Amino acid sequence: MQEAKLRKVDSLVFRFLKQEEQRQKRGLVMIPSENFTSLAVLEALGSCLTNKYSEGYPNFRYYSGNKYIDKIEILAIKRAKELFKADFANVQPHSGTQANMACYFALLKKGDRVLSMDLNAGGHLSHGAKVSFSGKFFHFIHYGVKKETELIDYEQVEILARKYRPKLIVSGASSYPRKINFRLINNIAHKYGAYHLADIAHIAGLVAAGLHPNPFPWVDLVTLTTQKTLRGPRGGVVLGKKKFEKIINRMVFPGIQGGPFENVIAAKAVCFKQARTLSFKKYQEQVIKNARQLAKVLLKENIRLITGGTDNHLLLIDLRPLKISGLEAERILEETGIYTNRNVIPFDDASPNNPSGLRLGTPALTTRGMKEREMKLIGQLIVRILKNPKNKKVKEDVKKQVIALAKKFPYFKK
Ligand SMILES: Cc1ncc(COP(=O)(O)O)c(C=O)c1O
């Protein structure tokens, strides 16, 4: 990207920005919630749209001058609805957490019961963790995974729904490597009179490409983030059935947010358009193939994977047999230029700050054009590091191979 002005005006920010660009170029980003957006998305983000205040919604704004902004937001809404087959879309949430917040505050009263996936089993902070607003405002009860299979315990979902009669059931996860049966959870929600919100933040790109079952037409509401598998800007979206449109819109603005980020909304519109293409579908297919290949290599080297593999874009390594902690693994890999993140695993005894798992994913590497061959090499590099965490020679060698590989797959091809 050209940042000639920035260099002149603020050399310090410019320098740090360039250093970060180099880090991304020279490393292997394997954090499953990260990706590289297209240049078209970046252009929309860095445009004059950031100058505009547009509190309200298309055709009803609290500021003048929104003629073109309205066209952009209407386009983003239309594309989001079509892509996910929803009755309505609110594209204003600044993040996935805020999309969830809008749904909770629209549907619930303080102290209402909500049933969601446990953080340790793969859920997200905004699904009722005590440190999050969600856990402070509402009474969350959690379902988990079965000990033997580490797959979602749908029977437990029903047992807890029957026992606690929650007002809302939240499905969706942050670190679950398998498909989620939204229809089954929806049946349970209906049986016990609960609303159902599916948070597809992680798998939105896979859903858009038809490679993971769409929660619609089953669920009441869906939230998602656009920055992960969807390859868009950082941001959130709420989708839903018609009857929730008014309460969600009112809750996003003025309920929990002020002026929308119209530059981000334009970038969301661009990513929705890109997500409808055949090349996007092929990309998502490759994301899954790459994750499977990576799993195969790791399993061959006797690395234990939660659930024994993956159906989606991410893998979760159980580090306990390797006698290395999540923090340690994340740090040593970072020193070689491989970016992953430490994560809790089901029934983890360790603390969330230094858990027993390591989460990795393939969206960003696949965006760079890497395929199964590269996954094989990367899997072997990761295994070498995890099995020899203190060996400096191994670290240096892996570092060199990471730089060489990253160089072969340029950062922005398109
Ligand atoms: C399932 C799920 N929901 C919500 C979020 C929150 O998204 P954000 O970081 O944009 O607030 C995440 C982020 O990782 C997530 O994994």
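Which residues does Gly205 touch, not counting residues up to four places away in sequence? Gly205 touches Lys228, Thr229, Leu230, Arg231, Ala275 and Gln284, where two residues are in contact if their C-beta atoms, placed from the backbone, lie within 7 Å.

The structure is a predicted model, in which local features need pLDDT of at least 70 and side-chain atom pairs count only at pLDDT 80 or more, while totals for chains, interfaces and linings use all residues. Residues are numbered from 1 along each chain as its sequence is written.

## Overall dimensions and composition

The protein contains 16 helices and 15 strands. Helices (H or I, at least four residues) and strands (E, at least two) are DSSP runs, numbered from the N terminus. Along the principal axes, the C-alpha atoms of the protein fill a box of roughly 60 × 60 × 35 Å. A compact globule with 414 residues would have a radius of gyration near 22 Å, and the 21 Å of the protein agrees with that. The radius of gyration is taken over C-alpha atoms, and the globule rule is 2.2 Å times the number of residues to the power 0.38.

Of the 414 residues in the protein, 50% are buried. A residue is buried if 20 or more other C-beta atoms lie within 10 Å of its own, exposed if 12 or fewer, and partly exposed in between, with C-beta atoms placed from the backbone. Among contacts between residues at least 6 apart in sequence, 72% join residues at least 24 apart.

## The surroundings of Gly205

Gly205 lies in helix H9 (residues 204–208). Gly205 counts as buried because it has 28 C-beta neighbours inside 10 Å. One of its contacts is Ala275; the C-alpha atoms of Gly205 and Ala275 are separated by 7.4 Å, although the two residues are 70 apart along the chain.

## Two helix pairs

Two packed helices are described by the angle between their axes and the distance between the axes. Axes are lines fitted to C-alpha atoms, for helices over the stretch in contact, and angles run from 0 to 180 degrees between N-to-C directions.

Helix H7 (residues 154–164) and helix H8 (residues 182–191) pack at an angle of about 15 degrees, and their axes are 10 Å apart. H7 and H8 are therefore roughly parallel to each other; angles under 35 degrees count as roughly parallel, over 145 as roughly antiparallel, 65 to 115 as roughly perpendicular and the rest as oblique. The crossing of H7 past H8 is right-handed. A crossing is left-handed if the near helix is turned anticlockwise from the far one by less than a right angle, and right-handed if clockwise. On the H7 side the contact is made by Tyr154, Val157, Glu158 and Ala161, and on the H8 side by Leu184, Ile185 and Ile188. These residues divide into six nonpolar, no polar and one charged. Ala, Val, Leu, Ile, Met, Phe, Trp, Tyr, Cys and Pro count as nonpolar, Asp, Glu, Lys and Arg as charged, and the others, Gly among them, as polar.

For helix H15 (residues 372–387) and helix H16 (residues 392–408), the axes come within 10 Å and cross at roughly 160 degrees. H15 and H16 are therefore roughly antiparallel to each other, and their crossing is left-handed. Glu374, Leu377, Leu381, Arg384 and Ile385 in H15 meet Val394, Lys395, Val398, Gln401, Val402 and Leu405 in H16. The residues of this contact divide into seven nonpolar, one polar and three charged.

## Backbone features and exposed loop positions

Asn59 counts as exposed, with 9 C-beta neighbours inside 10 Å. Asn302 likewise counts as exposed, with 10 C-beta neighbours inside 10 Å.

The peptide bond from Phe216 to Pro217 is cis, with omega near 10 degrees, and Pro217 is placed in the loop between H9 and strand E9 (221–225). The peptide bond from Phe253 to Pro254 is also cis, with omega near 10 degrees; Pro254 lies in helix H10 (residues 245–256).

Asp349 belongs to the loop between strand E14 (341–343) and strand E15 (357–361). Asp349 is exposed, with 9 other C-beta atoms within 10 Å. Between the C-alpha atoms of Asp349 and Glu20, 329 residues apart along the chain, the separation is 35 Å.
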